[in-house]
Amino acid sequence: MLRMKRILASIGILAILFAYSGMVFAAEGAGISADEALARLIDGNKRFVEGKQAQQDIGDARRTELAKGQHPFAVILSCSDSRVPPEHIFDQGLGDIFVVRVAGNIADPIELGSIEYAVEHLGSPLILVLGHQMCGAVKATVDGGRPEGNIGSIVKKIAPSVKKAKAQVKEKDKLLDAAILENTKNTAAALTQKSAIIKHLVEEKKVKIAAGVYNMTTGKVEMIETAAEEKGHAAHEHEHVHAHSDAEQHSHAGH
Ligand SMILES: [Zn+2]
């Protein structure tokens, strides 16, 4: 009898251990790296551009499986624009991507909180900030004037990016695209500037931040360098020039 109790106790401990390891796996999320996650998005976008979308599993089996828990492999912060739905343009199915959408793809506390939840509790290894051509929110900011109601809060948030773009671009017809690019980069930078949780996970190399701009006519997402990457490259080039000679600088001239 005692022997039986011991066996039962052992089984109990094993069950607890299994349950615990299950929890640990859950925290690890999608089980792929940030680079793999980005490659998966780029591949999906390629299929979308070519009109060769994969048959995504959105049936009841997948739905039932996901009811037990979600492990999205990427977080996407994009604009609410009806022409830029991330699930379509990256050709992903149920439970694949955690999407935060807001006009002008800006990052205020509510958007940051949503992203923090995904990276910290669901274990998503990648955050992609997605801007897009012809963004109405950025255009309203470029056009100026006083927007009605709460739209003013969005415009106010985008204004510093437009100011920065104006300082870089003199041609009026290029200002909107430059402002869209700047706004996307600024949002990507804000993720670590305004969220201690994201900053910590990025520093621990558990999360990567990428940025891209969606081309409205081709459907392609053009990946862009985030400010952090630019800074990293600049520092690297600086070291490079110091370590070698100024003669090598020409190789970066077209960059
Ligand atoms: Zn937009």
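**Core.** I began with the largest nonpolar core, which has 54 residues; such a core is a set of buried Ala, Val, Leu, Ile, Met, Phe, Trp, Tyr and Cys residues joined through C-beta atoms within 7 Å. I took a residue as buried if 20 or more other C-beta atoms lie within 10 Å of its own, as exposed if 12 or fewer do, and as partly exposed in between, with C-beta atoms placed from the backbone. The residues with the most contacts inside this core are Ala-74, Val-75, Leu-77, Ile-115, Leu-126, Ile-127 and Leu-128, and helix 8 (residues 172-194) gives the most to it, with 8 residues. Helices (H or I, at least four residues) and strands (E, at least two) are DSSP runs, numbered from the N terminus.

**Model.** I note that this is a predicted model, in which local features need pLDDT of at least 70 and side-chain atom pairs count only at pLDDT 80 or more, while totals for chains, interfaces and linings use all residues. Residues are numbered from 1 along each chain as its sequence is written. The chain averages a pLDDT (the predictor's confidence in each residue, from 0 to 100) of 86, and 82% of the residues score at least 70. Over residues 11-27 the pLDDT is below 50, and this stretch has 2 contacts in the model beyond near neighbours in sequence; I counted two residues as in contact if their C-beta atoms, placed from the backbone, lie within 7 Å. Residues 243-255 also have a pLDDT below 50, with 3 contacts beyond near neighbours in sequence.

**Leu-77 and Asn-105.** Leaving aside neighbours within four places in sequence, I found Leu-77 in contact with residues including Val-100, Asn-105, Ile-115, Ile-127 and Thr-187. Asn-105 lies in the loop between strand 2 (97-101) and helix 5 (109-121), and its phi is near 35°, a positive value in a residue other than glycine. Asn-105 counts as buried because it has 31 C-beta neighbours inside 10 Å.

**Met-134.** I looked up a further positive phi, near 60°, at Met-134, which is placed in the loop between strand 3 and helix 6. Met-134 is partly exposed, with 16 other C-beta atoms within 10 Å.

**Helix 7.** Helix 7 (residues 151-168) bends by about 40° at Ile-158, and a proline, Pro-160, follows within four residues; the bend is the angle between axes fitted to the seven residues ending at a position and the seven starting there. Its buried residues are Ile-154, Val-155, Lys-157, Ile-158, Ser-161, Val-162 and Ala-165, and what covers them includes helix 6 (136-143) and helix 8. From helix 8, Glu-182 is in contact with Ser-161, Lys-164 and Ala-165, leaving aside neighbours within four places in sequence. Glu-182 is buried, with 24 other C-beta atoms within 10 Å, and its C-alpha atom is separated by 9.1 Å from that of Pro-160, 22 residues apart along the chain.

**Strand 4.** In strand 4 (residues 208-214), I found 6 of the 7 residues buried. Strand 3 (residues 126-132) and strand 4 pair in the parallel sense over 7 bridges, two strands being paired if DSSP finds at least two bridges between them; here Leu-128 stands opposite Ala-210. Strand 4 pairs with strand 5 (residues 221-224) in the antiparallel sense over 4 bridges, and Gly-212 stands opposite Met-223. The two strands form a hairpin with 6 residues between them, and Gly-219 in the turn has a positive phi of about 85°.
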